[in-house]
Amino acid sequence: MKKLKIISIIPARCNSKRIKNKNIIRFKNKPLMAHTILQSLKSKHINRTIVSTDSKEYAKIAKSYGAEVLFLRPKNISKDNSTDLECFKHCLSFLKKKENYVPDLIVHLRPTYPIRNFFLIDSCIKRLLNNKKFNLLKTICKSE
């Protein structure tokens, strides 16, 4: 059985309007996005942890925590109204063009959820892989 190519993409643009530099604000002695990077790296299923950012500073931080930063995301898809889909298409196009690499599964991990447990990531991946009817799984939680 071939080993699946499973990547995580962590979108971390700078210049948030509401909270300045929110993705690198310190939480429990680490930049916010570092928690998500480390969770991804602990996964038993994820082969590559990729941060998509438009910031050289964010890229340096992401690399220092073990993530791959393959490019700086273009400014035209790093705006307030830019979508995650644009970010993912850009990353996948880059991987295909530069490495001839096409992942079997993409795990979208937002850097703004630092208390996520890597067990949750692995159980979601396992659930998705074990159910051939689905091609997408999204976690949500009930709001208080």
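Predicted model: local features only at pLDDT ≥ 70, side-chain atom pairs only at ≥ 80, totals over all residues.
1. Let's begin with the overall layout. The protein chain has 4 helices and 5 strands, and from the N terminus on they follow the order β-β-β-α-β-α-α-β-α. The C-alpha trace spans about 45 × 40 × 30 Å along its principal axes. For 144 residues, a compact globule would have a radius of gyration near 15 Å, and the chain agrees with its 15 Å.

2. Next, the inside. Buried residues account for 40% of the 144 residues. The largest nonpolar core has 21 residues, and Met33, Ile37, Val51, Ala62, Val107 and Ile125 have the most contacts inside it. Strand E1 (6-11), helix H1 (32-42), helix H2 (56-64), strand E5 (105-108) and H4 each supply at least two residues of this core, with H2 giving the most, 4 residues. A second, separate core of 9 residues includes Ile7, Cys91, Leu95 and Tyr101.

3. Leaving out residues up to four places away in sequence, Ile125 touches Ile6, Ser43, His45, Ile46, Leu105 and Val107.

4. Leu120 is found in helix H4 (residues 118-130). Its relative accessible area is 33%, so Leu120 counts as partly exposed. Together with Tyr113 and Ile115, Leu120 makes a nonpolar surface patch of about 280 Å². The protein chain as a whole exposes about 9,500 Å², of which carbon and sulfur atoms supply 54%.

Terms used:
Residues numbered from 1 in each chain as written. Heavy atoms only, no water. Patch = residues over 30% accessible without salt bridge, like charges linked within 9 Å, V, L, I, M, F, W, Y side chains within 5 Å. Areas by Shrake-Rupley, 256 points an atom, 1.4 Å probe, with all protein chains shown as cover. Salt bridge = Lys/Arg side-chain N within 4 Å of Asp/Glu carboxyl O. Buried < 20%, exposed > 50% of the residue type's maximum accessible area, 1.4 Å probe, protein only. Core = buried A, V, L, I, M, F, W, Y, C linked by side-chain atoms within 4.5 Å. Contact = heavy atoms within 4.5 Å. Rg over C-alpha atoms; globule rule 2.2 N^0.38 Å.
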